[in-house]
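Let us walk through this protein one piece at a time. Keep the structure open beside the text.

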Amino acid sequence: MKNIAVIGAGTMGNGIAHTFAQFGYNVQLIDISQTALDKGLATITKNLDRMVSKEKISENDKKTTLANITTHTSIKDGVQSASLVIEAATENVNLKLKIFKDLDEVCPENTILATNTSSISITQIAAVTKRPDKVIGMHFMNPVPIMKLVEIIRGYNTSDEVMDFTVDLTKKIKKVPVEVNDYPGFVANRILMPMINESIETLYNGVAGVAEIDTVMKLGMAHPMGPLQLADFIGLDVCLSILNVMYEGFKNPKYAPCPLLVNMVNAGKLGSKSGEGFYDYSESRKAEKVAKMFS
């Protein structure tokens, strides 16, 4: 099983494509936007160049990895030979449901359909297909080529065979699969997002500033980056979407997003990708300067 299709050329999609291609898989990277595909390939090339400079791979390894990736703007064309499709589109339930309905119609009947969703129900996604036993969650962590964890989420109808296959495949690309059950947020985001949300509430309530909150968590809890910096890195719009999924799924007010987070997303302050979130990234991609609003 050497043919993998990846839907979406954004941060997660190009990272997943990079990883499988580096381990010798033929990867069809699919996005409706040619611009997104070009940007995704440029990111993969840049990341491979960094690995070459650090002597983690050779120049020939880089060339082979890039040669293993082909791009498509048509889902139908890109999935014809795929044994596994991994969807890595925006964390929007309606978009994902449409993609899986389309995939079910054009993929070979034995193709396994996986989603990289970080919070949305695998069972709900599988329900729009005629192959719910072959639908599974593969939640990779960002940045994909570096982070070892993959949450493997079994939907209500996911078969044992598909579960075992996915766990084994994850090990073949040198990742660590962790099996979890299908509840909103799974494990990673069910624990992480309330922490991020509470950090934003702490800022919103005037308990401490951005740098102070992050410093406490880095030095006091040994976190590699503070929760507000991490929120900027993930994307504040993504954090809001995940919190909304959990709030709707559990109907528990502890998952309700902080009004400050909602306002920042509405204002287009999405974190590092927009140039400003809790930090100002206009001069550096590092979280070194607190955004003017909070300074």
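**A walk along the helices**

The model you see is predicted. Begin with helix α7, and with what lies around it. The elements covering the buried residues of α7 include α1 (11-22), β4 (84-87), β5 (112-115), β6 (135-140), β7 (149-154) and β8 (176-181). Now look at the helix itself. α7 runs over residues 160-172 and has 13 residues. From first C-alpha to last, α7 reaches 18 Å, close to the 18 Å expected at 1.5 Å a residue.

Which residues of α7 are buried? They are Val-162, Met-163, Thr-166, Val-167, Leu-169 and Thr-170. Seen down the axis of α7, these buried residues fall within an arc of 165°, so they line one face of the helix. On the other side of α7, Glu-161, Asp-164 and Lys-171 are exposed. Just past the end of α7 comes Lys-174, with a positive phi of about 65°.

Go back to α1, one of the elements that cover α7. The twelve residues of α1 should span 16 Å at 1.5 Å a residue, and its end C-alpha atoms are 17 Å apart, which agrees. Is α1 mostly covered or mostly open? Mostly covered: ten of its twelve residues are buried. Among them are Met-12, Ile-16, His-18 and Phe-20. The glycines Gly-13 and Gly-15 are buried too. Just after α1, Gly-24 takes a positive phi of about 90°.

Next, look at pairs of helices. Two packed helices are described by the angle between their axes and the distance between the axes. Take helix α10 (residues 227-234) and helix α11 (residues 236-250). They pack at an angle of about 95°, and their axes are 5 Å apart. α10 and α11 are therefore roughly perpendicular to each other. Where do they meet? Ala-231, Asp-232 and Ile-234 in α10 touch Leu-236, Val-238 and Cys-239 in α11. Sorted by class, the residues of this contact are five nonpolar, no polar and one charged.

Stay with α11. It has 15 residues and reaches 21 Å from first C-alpha to last, close to the 21 Å expected at 1.5 Å a residue. Its buried residues are Leu-236, Cys-239, Leu-240, Ile-242, Leu-243 and Met-246. Viewed down the axis of α11, they fall within an arc of 165°, so they line one face of the helix. What covers them includes α8 (188-204), α10 and α12 (259-266). Just after α11, Lys-251 has a positive phi of about 55°.

Two of those covering helices, α8 and α12, also pack against each other. Their angle is about 95°, with the axes 8 Å apart. α8 and α12 are therefore roughly perpendicular to each other. Asn-197, Ile-200, Glu-201, Leu-203 and Tyr-204 in α8 meet Pro-259, Leu-260 and Leu-261 in α12. By class, this contact has six nonpolar, one polar and one charged residues.

Now find Asp-214, in helix α9 (residues 210-221). Is Asp-214 buried or exposed? Its relative accessibility is 1%, so Asp-214 counts as buried. Beyond residues up to four places away in sequence, Asp-214 touches Gly-226, Pro-227, Leu-228, Gln-229 and Tyr-279. Take Gly-226 from that list. Asp-214 and Gly-226 are twelve residues apart in sequence, and their C-alpha atoms are 3.9 Å apart in space.

Finish with some details of the backbone. Most residues other than glycine have a negative phi, and most peptide bonds are trans. Several places here depart from that pattern. Glu-55 has a phi near 60°, a positive value in a residue other than glycine. Glu-55 lies in the loop between α2 (34-53) and α3 (59-67). With 71% relative accessibility, Glu-55 counts as exposed. Phe-186 also has a positive phi, near 55°. Phe-186 sits in the loop between β8 and α8. At 4% relative accessibility, Phe-186 counts as buried. Which residues does the cis peptide bond join? It joins Asn-142 and Pro-143, with omega about 0°. Look for Pro-143 in the loop between β6 and β7.

Definitions and conventions:
Residues numbered from 1 in each chain as written. Predicted model: local features only at pLDDT ≥ 70, side-chain atom pairs only at ≥ 80, totals over all residues. Heavy atoms only, no water. Helix = DSSP H or I, 4+ residues; strand = E, 2+ residues; numbered from the N terminus. Expected span 1.5 Å × (residues − 1). Buried < 20%, exposed > 50% of the residue type's maximum accessible area, 1.4 Å probe, protein only. Arc of directions from axis to C-beta. Contact = heavy atoms within 4.5 Å. Axes fitted to C-alpha atoms, helices over the stretch in contact; angles between N-to-C directions. Parallel < 35°, antiparallel > 145°, perpendicular 65-115°, else oblique. Nonpolar A, V, L, I, M, F, W, Y, C, P; charged D, E, K, R; others polar.
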